[in-house]
Amino acid sequence: MRIRKIIPTALFIVLLCVPLAMRRLSAHRQETGSYGMSFRESARESGIDFKHASPHLDRKLDHIMQQVASMGAAVSIVDFDKDGFDDIYVTNSGEGSKNALYRNQGDGTFRDVAEEVGLADVNQPGTGVSTGAVWGDYDNDGYEDVLIYKWGKPELYHNDGGKHFTRVTEQAGLPGWVNANTAIWLDYDNDGKLDLFLGGYYPEGVDLWHLKDTKMMPDSFEYANNGGRKYLFHNLGNGKFEEVSEKLGIHSNRWALAAVAADLRGTGYPDLFIANDYGVSELYFNDQGHGFREVGKQTGVGYAPKSGMTAAVGDVLNQGNFGIYVSNISEEGVLVQGNNLWMPKAGTSGDGLKYENLANAMGVELGGWSFGAQFGDLNNDGLMDLYVVNGNVSLDRNRTYWYDYSKVAGGNAAIISDAANWPPLNGRSLSGYQQKRVWINDGAGQFREVSQFVGVTDVYDGRSIALADFDNNGALDAVVANQNGPLLLYKNTVSPANQWVEFELKGTRSNRSAIGTQVTLYWNGQRQIQEVSGGSGFCAQNQRRLHFGLGKATQVDRVEIRWPSGKIQNLSAPALNQIHKIEEPS
Amino acid sequence: MTPGITANATAVADSAKSKPSALARFFSIENRYLPPMLITLILLVGQVSFGLLESFPRTVLAISTSLIVESILSRLVMGKFVNLASAYISGISVGILCRSPEYWPFALCAAISITSKYVIRWRGRHLWNPSNFAICAMLILAPDVFTTLSIQWGNTFWPMMVVWVVGCLITWRVDRIHITGVYVASFVFFALLRGFITGHGFLAEVAPITGPMYQLFIFFMITDPKTTVRTKKGQCLVAFLIAIAEMILRLAQNIHAPYYALAIVGPLAIATEIWWTSRNKPVVLTRQSIPA
């Protein structure tokens with residue numbers, strides 16, 4: 001009789017101790033050690049002194065202004081003057097504020113030349129404010145042009161020989177107003193001319209500075225379908241673009257925050273992944289450039305609605321295919337969505353491709369209120385690592401808005417969609433002051449969070465991150481744009497024992513920027529695939545060059561380059577620790 | 001969240017003087033599988049309408065754990081296997097109401113829920129609603145990986161109506177709709193009061209109760225006959241007190257106010273009733289008094 005009482009009681013006590021045991025186990029995994037790299041924040045000493053400012057929207061939103069106006073800090077990398085060193089373009093979002101173009105002077109310092117080249121004063125009142133910028137050579141003249149997207153009027157600037165930029169928005173035929181939070185360049189039909197995807201967040205009929213009413217918020221926290229429309233601009237080749245989204249099958253009014261294009265199925269055409277806030281992600285398969293099919297549910301990525309805020313692709317397991325990372329919200333004790341790492345399911349491919357979320361299994365799930373994320377081999381060990389920035393609104397450290405936020409977020413659509421019903425923020429934080437995540441890939445299916453050990457210690461409200469080798473020394477540096485915060489430049493020092501190689505590609509039959517070109521590297525019995533991207537992460541763009549870490553390899557066996565034109569180019573044993581400039585064979 | 005149906009069978013059966021029709025029998029409290037079926041229906045509505053497939057394996061894990069733990073403990077403690085309808089409901093409730101990116105919290109929450117019924121008892125009655133206890137325990141012990149759902153079924157009107165209809169049907173059949181009614185009326189009144197106190201307005205304060213997940217709480221959790229008092233007046237008073245406790249917790253900006261309010265008021269009410277009753281009629285402890 002006694003044993004019948006003791007066993008359930010003992011079991012009960014053991015069960016209550018399980019969370020503590022799991023936490024200790026998890027902490028034990030995060031061991032310290034050497035990771036073959038270290039970051040040092042060096043923006044100021046490099047001549048970068050940029051601080052982002054948020055917009056002041058319609059006064060009807062005053063009570064929740066910091067929460068609504070919580071985006072706009074963005075960074076993109078470009079070598080705009082073709083001097084061989086990557087430069088930094090960063091957006092600002094205050095009315096009348098100026099964007100900056102930090103020209104890399106090749107000696108470790110940068111100088112803001114945005115005013116000189118005509119890319120600074122783009123946030124004039126009445127035109128909206130910048131939320132991001134993406135670079136692509138849409139006219140194949142050899143110089144990277146730029147689309148600046150906004151909550152407002154999107155602007156296209158033509159690069160005049162790396163000396164100046166000319167506004168060509170009207171000639172291009174872009175719409176008058178889009179509340180956009182994402183845009184990417186892609187050549188969806190492989191005709192050699194870059195096309196443009198632009199994703200709306202708020203509906204395009206909403207002018208956030210002159211609201212007709214306050215019913216402009218999402219009508220659901222997880223199933224909202226009252227956001228902005230999507231645009232796909234087909235490049236006609238004469239400086240003009242034709243909007244073809246409806247014609248090609250892209251219909252969505254979800255709240256898009258990020259998009260990335262990559263050939264996920266080996267068809268030679270880029271597929272399109274969209275991470276949506278307040279809802280499920282969308283994946284569009286590209287039917288040979290003739291149309292797009294939404295296959296979110298079919299592939300498994302379109303079921304669980306979260307708060308998608310970034311989309312980045314990387315060959316995480318060196319298997320020659322891409323995983324897709326999507327950031328979401330995790331706040332201890334409140335909302336634990338977890339980030340997603342969508343990995344191709346074994347044995348699926350082509351139209352039957354399916355994904356499973358391995359973020360938890362691989363240790364890259366909990367990243368706070370995550371925004372931008374990028375894959376890159378940060379320590380040149382031959383494996384893709386992951387850098388995630390986070391933090392939503394950092395105000396009073398000791399008071400949180402979470403209770404009031406969750407109170408309304410769970411309510412009926414009629415309540416949640418009206419900003420007037422949202423309680424005032426009153427200086428409280430909402431997932432502020434968060435520790436960033438630098439996840440190092442151990443090559444055995446696990447990532448280790450090492451931010452504190454490698455020098456990433458800031459707690460600003462990170463939005464956009466881009467990776468680039470600014471010194472051409474084979475180490476990926478990180479640039480982080482923070483909302484209402486400074487632009488950070490984390491210079492990376494990597495162990496010289498690890499080898500690397502980079503490829504700078506130039507299309508001839510394909511688009512000049514080589515966006516969409518896939519490079520597969522074979523070494524030491526391993527292979528890794530990368531694709532030149534026209535924008536990834538959250539409002540960000542990495543360096544155009546492809547960077548491969550090689551660990552302690554002594555040679556690369558083979559390199560296969562598949563150009564968007566369909567041309568396959570093979571290189572054998574390229575020299576290590578060099579940047580290789582490759583032109584598409586005619 | 002053991003619904004108030006199974007344990008109320010006797011009362012309803014006694015009131016059934018004439019022979020009921022097949023439909024009436026199906027929707028009768030005598031049909032112990034009705035609650036599991038209805039709650040499964042609610043889950044399926046959410047599944048079909050909003051595609052909750054990613055959480056489906058976790059729900060299955062929670063249900064399986066509940067069934068296994070219930071089977072083992074009932075055999076061990078009572079010497080027999082009990083009907084598993086109640087454990088199924090506990091499991092499915094954990095599967096619906098819990099949210100975690102990991103699998104183990106679902107299994108653990110379900111296991112704590114069932115085990116608590118056998119361990120935390122006083123004079124033959126368990127004090128806490130098992131699912132409520134387990135959820136509160138997990139919120140306190142594992143906040144880094146565990147939270148509750150509040151918004152999973154969207155914010156649209158018709159899923160809310162489905163839950164309202166099913167919920168009203170069940171609580172009416174088991175003669176518990178007065179509990180829900182008192183609680184809802186109290187919540188709305190206190191929302192008005194909170195709106196006045198906080199200055200946030202009535203709609204902001206009443207918003208939580210318009211979400212479908214919250215309604216699972218008011219229809220199925222606070223009406224659990226095993227964990228509420230036995231008189232109708234007492235049940236109404238307890239529902240009102242839960243609403244008061246919730247208001248206080250909400251004013252303190254506690255995100256999980258309803259769960260904690262029930263966890264605080266429920267045991268106190270039952271303990272008070274046990275003490276009050278025992279003054280006149282001592283309770284005899286038997287193995288058979290262990291709940292199903």
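How many residues of domain 1 of chain B are in contact with domain 2 of chain B? In this predicted model, 16 residues of domain 1 of chain B are in contact with 15 residues of domain 2 of chain B. Two residues are in contact if their C-beta atoms, placed from the backbone, lie within 7 Å.

Residues are numbered from 1 along each chain as its sequence is written, and chains are lettered from A and ligands numbered from 1 in the order in which they are written. Because the model is predicted, local features need pLDDT of at least 70 and side-chain atom pairs count only at pLDDT 80 or more, while totals for chains, interfaces and linings use all residues.

**Chain B and its domains**

Chain B has 13 helices and four strands. Helices (H or I, at least four residues) and strands (E, at least two) are DSSP runs, numbered from the N terminus. Of the 292 residues in chain B, 51% are buried. A residue is buried if 20 or more other C-beta atoms lie within 10 Å of its own, exposed if 12 or fewer, and partly exposed in between, with C-beta atoms placed from the backbone. Among the contacts in chain B with a separation of 6 or more, 74% join residues 24 or more positions apart.

Domain 1 of chain B covers 53-148 and domain 2 covers 152-275; these bounds come from an automatic or database domain assignment. The C-alpha centres of the two domains lie 21 Å apart. On the side of domain 1 of chain B that touches domain 2, two or more residues each come from helix H5 (85-97), strand S3 (125-126) and helix H7 (130-141) of chain B. H7(B) gives the most to that side, with six residues.

**Chain B against chain A**

The contact between the chains takes 48 residues from chain B and 42 residues from chain A. Elements giving two or more residues to the chain B side include helix H4 (56-78), helix H8 (157-173) and helix H10 (202-206) of chain B. H6(B) gives the most to this side, with eight residues.

The table divides two sides by class. Ala, Val, Leu, Ile, Met, Phe, Trp, Tyr, Cys and Pro count as nonpolar, Asp, Glu, Lys and Arg as charged, and the others, Gly among them, as polar.

| Side | Residues by class |
|---|---|
| Domain 1 of chain B that touches domain 2 of chain B | nine nonpolar, five polar, two charged residues |
| Chain B that touches chain A | 28 nonpolar, 16 polar, four charged residues |

**A loop residue in chain A**

Asn524(A) lies in the loop between strand S34 (518-523) and strand S35 (526-531) of chain A. Asn524(A) counts as partly exposed because it has 14 C-beta neighbours inside 10 Å.
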